[in-house]
Amino acid sequence: MTDIQIPIDLLQWSYALLPILVLMVLMVALRWTAPQAGMLGMFTAAAISLLAFQTPLETLAVGGAKGVWDAVFILYVVWPALLLYQVTDQAGGYEALRQGITRFSRNELFVVIALGWVFSSFLQGIAGFGTPIAVVAPLLVAFGVRPIYAVAFPIIAHVWAKFFGTLAVGWLATLQVVNLANPVEVAFQTGLLLIIPVVLGGFTVVWMYGRGPALRHAWPLVLIIAAIHGGGQAVMTLVDPVLSTFIPATLALLALYPLSRWKRYAEMPDTITERPAMRNERSQDQAETAAPMSFAMSFLPYVLLTALTIGVLVVEPAKQALGAFAIGLPFPAVTTGYGIVRDAAAPYSPFSPLTHPGTFLLITAFATWLIYRARGYYSAQASIDGNGTKHWSITRALFADAIPASVPVIAFLAMAQIMNHSGQNDVLALGIAAVAPAMAFAFLSSSIGALGAFMTSSSTSSNVLFSDLQQSVAELKSLPEASIIAAQSAGGAIGNAIAPANVVLGASTAGIAGQEGAIIRKTLPWTIIAVVMTGAATMALVWLYP
């Protein structure tokens, strides 16, 4: 990959960076909506490809079409997740859930940590593909968290589980892309680096909730959960990387019950007076409104989703049988004037719909609708909503939310593949490698992984794009392969905190479509800090494991 003919200079590197800068400036600085920024970012990437990277129209078309196909993976989570939200919400499930959680624990911060960090990480361990964000964001909104924070919390807190989550799909994909001399060492060093987003994610959620007083109250809880998450994952990579996220995430979820019995977290302390993440208290009339269902019934969708996912993905015979059916599209080989070649694929990026989280969400939504309808919850909630309140049908509400969310996801992933097929991604990564000395490249290697995740909204795709390049540069600069690939993998996980498609998904399920830039303004500082800390830790690994 390092012998491409594109000139690796400042001008060409600036051209390659331009689509990303356009996207960030429009969404973060100018506060454009995701559909607006995504479309302009895609057109910018296409124009740069044609004018500066000698990309034929055929190559551009193939790249764009692959991006649309990649979007199917995410949209197959977006639509069922929004359907499940409407099925639950229009039956009064979220109000019942809010009241039940409030009765379960009088410590508001404990609940926010339990949902935003522990539950979202558990979902990532088994499902992934945006499911933690789509499920947890509306739960937090129902509990009283401001929508922007309700999206930012799970996005930040669950990224530690991205790479080895979904039963290690990112790790398994990496093994297909690069031939590692010592896979066990790579997995273990990746687990060590991922301790950084574990600890940083937990403390960030607490800080965003209630600043210093919240930190002083919750620090023991954060350290205990971080030890289970991060320490457990690192140790499990030495045993079985496929289960290295699932088992610690499950143990942390189980640990919530004894932790909730701890006297320290039985009540909300009076010292936490500033709660910027929470909405103002509801009025007394609202608080006393009876929900049409019990707390147990309101939690039914999440029990069904968890049981279904574990039953299919953890039980190996079921996983193999259902995963045998896969769908993919054929694409021809294409090239550019600079000699960038993308091989033919038949099929390209196939996926198994019967083992995809979207199918689990869809089945859960349908089963929940049947049960809620049979129990009369929809008519009961319609009566509660009375007084002229318009009660939308589930289908109409679904289309109203899902169509605006789909446009930017398609645009973002088409932009990523256009940049990939034109060679812009190669120039960005090789440009960093060309000017950075060995230890500086070790520091920056995680940022390349984060860049890939930002563009593709996937740590797996980031590793598919850049692992081979990182391995080649590590060899050229006499750096240990294990540490550099580990940094790439950890950076790919961290970059998901600002991945536009993930942000769009969260904004849609939290009911704040169009405020994606505000969410990124919350997650971007965390991402920068996490990447810098990971870079420093990578340098330490290079020194310890020469």
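Biologist: Is Arg-275 buried, partly exposed or exposed?

Modeller: First, a caution: this is a predicted model. The relative accessible area of Arg-275 is 24%. Buried would need a value under 20%, and exposed a value over 50%. Arg-275 is therefore partly exposed.

Biologist: Which residue meets the side chain of Arg-275 in a salt bridge?

Modeller: The bridge spans 2.8 Å, N to O. Distant parts of the chain are linked here, 167 residues apart. Arg-275 sits in the loop between H11 and H12, and its partner is in helix H5. That partner is Glu-108.

Biologist: And is Glu-108 buried or exposed?

Modeller: Take the cut-off for buried, under 20% relative accessible area. Glu-108 has a relative accessible area of 16%. Glu-108 is therefore buried.

Biologist: How many salt bridges are there in total?

Modeller: The criterion is a side-chain nitrogen of Lys or Arg within 4 Å of a carboxyl oxygen of Asp or Glu. Glu-108 with Arg-275 meets it at 2.8 Å. By this rule the count comes to three.

Biologist: Of Glu-267 and Arg-106, which counts as exposed?

Modeller: Exposed needs over 50% relative accessible area. Glu-267 has 42%, so Glu-267 is partly exposed. At 56%, the exposed residue is Arg-106.

Biologist: What does Asp-426 form a salt bridge with?

Modeller: Asp-426 belongs to helix H19 (residues 424–435). Its partner is in strand S3, 84 residues apart from Asp-426. Both residues are buried. The closest N and O atoms are 3.1 Å apart, and the partner is Arg-342.

Biologist: Strand S3 also holds Val-341. What separates the C-alpha atoms of Val-341 and His-421?

Modeller: Val-341 lies in strand S3 (residues 341–342). With a relative accessible area of 47%, Val-341 is partly exposed. Val-341 and His-421 are 80 residues apart along the chain. Their C-alpha atoms are separated by 7.7 Å.

Biologist: How far apart in space are Gln-5 and Tyr-338?

Modeller: Gln-5 is in the segment before H1. It counts as exposed, at 55% relative accessibility. In sequence, Gln-5 and Tyr-338 are 333 residues apart. In space, C-alpha to C-alpha, they are 5.2 Å apart.

Biologist: How are H5 and H10 oriented to each other?

Modeller: The axes of helix H5 (residues 108–126) and helix H10 (residues 195–237) come within 12 Å. They cross at roughly 45°. Roughly parallel would need an angle under 35 degrees, and roughly perpendicular 65 to 115. H5 and H10 are therefore oblique to each other.

Biologist: What is phi of Arg-211?

Modeller: Arg-211 is found in helix H10. At 24% relative accessibility, Arg-211 counts as partly exposed. Its phi is positive, in a residue other than glycine. The value is near 55°.

Biologist: Last one. What is the area of the nonpolar surface patch with Val-25?

Modeller: Val-25 is found in helix H1 (residues 10–29). Its relative accessible area is 41%, so Val-25 is partly exposed. Leu-30, Trp-32, Leu-40 and Phe-43 make the patch together with Val-25. The area is about 450 Å².

Key. Residues are numbered from 1 along each chain as its sequence is written. This is a predicted model: local features need pLDDT of at least 70, side-chain atom pairs count only at pLDDT 80 or more; totals for chains, interfaces and linings use all residues. Side-chain values use heavy atoms; hydrogens and water are left out. Axes are lines fitted to C-alpha atoms, for helices over the stretch in contact, and angles run from 0 to 180 degrees between N-to-C directions. Helices (H or I, at least four residues) and strands (E, at least two) are DSSP runs, numbered from the N terminus. Angles under 35 degrees count as roughly parallel, over 145 as roughly antiparallel, 65 to 115 as roughly perpendicular and the rest as oblique. Patches are made of residues with over 30% relative accessible area and no salt bridge: like charges are joined within 9 Å, nonpolar side chains (Val, Leu, Ile, Met, Phe, Trp, Tyr) within 5 Å. Accessible areas come from the Shrake-Rupley method with a 1.4 Å probe; for residues, only the protein chains shown count as cover. Buried means under 20% relative accessible area, exposed over 50%, partly exposed in between (1.4 Å probe, protein chains only).
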